[in-house]
Amino acid sequence: MNEFPDDEQLFSLYRTLLTIRYTEEQLARSFLAGLVHGACHTYVGEEAVATGVCAHLRRDDSVFSTHRGHGHALAKGVPPREVIAELFGRETGCSRGRGGSMHLFSPEIGMMGTSGIVGPCILQAAGAGFSAKLLGTNRVGTAFFGDGAVNNGAFHEGLNLAAIYQLPVLFVCENNLYATEIAFSYASKNPSVASRAQAYNMPGIEVDGNDVLAVYRAAGEAVRRARAGEGPTLIECKTYRTRAHAEGMRDAGYRTVEEIESWKQRDPIKMFRERLTTRNAAVVSVLDAIEAQVRATVSEAAVFAEKSPYPDGNTAATHIYSMEG
Ligand SMILES: Cc1ncc(C[n+]2csc(CCOP(=O)(O)OP(=O)(O)O)c2C)c(N)n1
Ligand SMILES: [Mg+2]
């Protein structure tokens, strides 16, 4: 693993950050226009986490995600048009319009699902690691989860299992300080999620989740360890969502405008762009070109999604698993 990404990787990180941001902003506008069916939890402000982690994952590595999972799906390689079409309930969505925001699946590229249930993705990733170890595939399982999941029993069970069997798993906690409107400082006596790794005798790393390079480096080392048979890692990414918990929800009473503004100053995309251009002013035109390309891709994706058909009602019972066959 390179300590510092080369230019091509840096531009790729920038492209992924923007793909997530522009897709989320598009979805927020589309939600207001009534095009999104069901809930829509955006990842705005947290893009550096999925971007920095998924940059190290192979196509056959698996990702298990949350209710706030659009960014994980996009970073793992699901195209914006398939994500947007899925939220619009269209046949061309990654789950053929049957799942929506919290059921984004694309198993052929290792996107093993977003989920509305807080916690189980931790166990599923441990299971993926167990499978990889048994089959000797050298694959890695990754769970993304919020601070709201770490006082859930699944956290203890998943980390303990991964530790005793030294499974190739990344446990990535996106600590955005709140679970809906409950502050993590209220819900947990210990402010550090990373420190809990000691209880399982695995490494626990805390990183600035708004710094894509910090996440990239921590994840790179965790993936290296996992593939080398050295076991799981817990990475706590300190970050912040700058939009409401879900689109259309009120966003007052539990956090201040000043707090939101202070985190907007630490916007992961703004910080990364400043870092790249300070290092080398000549990249401005490259970054501008990437922005224009991603904007066009996302706009086209939204048009494609809106033009796509809804699933045929007669197929409502297909793709459904039944024990009775
Ligand atoms: C098992 C379970 N309990 C409660 C809920 C209700 N719920 C939905 S989102 C949420 C907050 C999750 O917070 P966090 O894990 O920190 O993720 P964030 O929304 O901050 O990204 C809760 C409690 C749920 N979906 N599943
Ligand atoms: Mg949270």
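Helix H1 (residues 7-32) and helix H2 have axes that come within 9 Å and cross at roughly 140°. Axes here are lines fitted to C-alpha atoms, for helices over the stretch in contact, and angles run from 0 to 180 degrees between N-to-C directions.

Who meets whom? Leu13, Thr16, Leu17, Ile20 and Arg21 in H1 meet Glu47, Ala48, Ala50 and Thr51 in H2. Contact means C-beta atoms, placed from the backbone, within 7 Å.

A word on the source. This is a predicted model: local features need pLDDT of at least 70, side-chain atom pairs count only at pLDDT 80 or more, and totals for chains, interfaces and linings use all residues. Residues are numbered from 1 along each chain as its sequence is written, while chains are lettered from A and ligands numbered from 1 in the order in which they are written.

Now the sheet. Five strands form an open sheet, ordered E1-E2-E3-E7-E6, with parallel pairing. Pairing takes at least two DSSP bridges between two strands. Helices (H or I, at least four residues) and strands (E, at least two) are DSSP runs, numbered from the N terminus. At the edges sit E1 (62-64) and E6 (204-208), each pairing on one side only.

Back to H2, residues 47-54. H2 lies across E1, E2, E3 (169-175) and E7 (233-238), at about 165° to E3. Helix H5 (residues 120-135) also packs on the sheet, touching E1, E2 and E3.

Technical notes. Contact = placed C-beta atoms within 7 Å.
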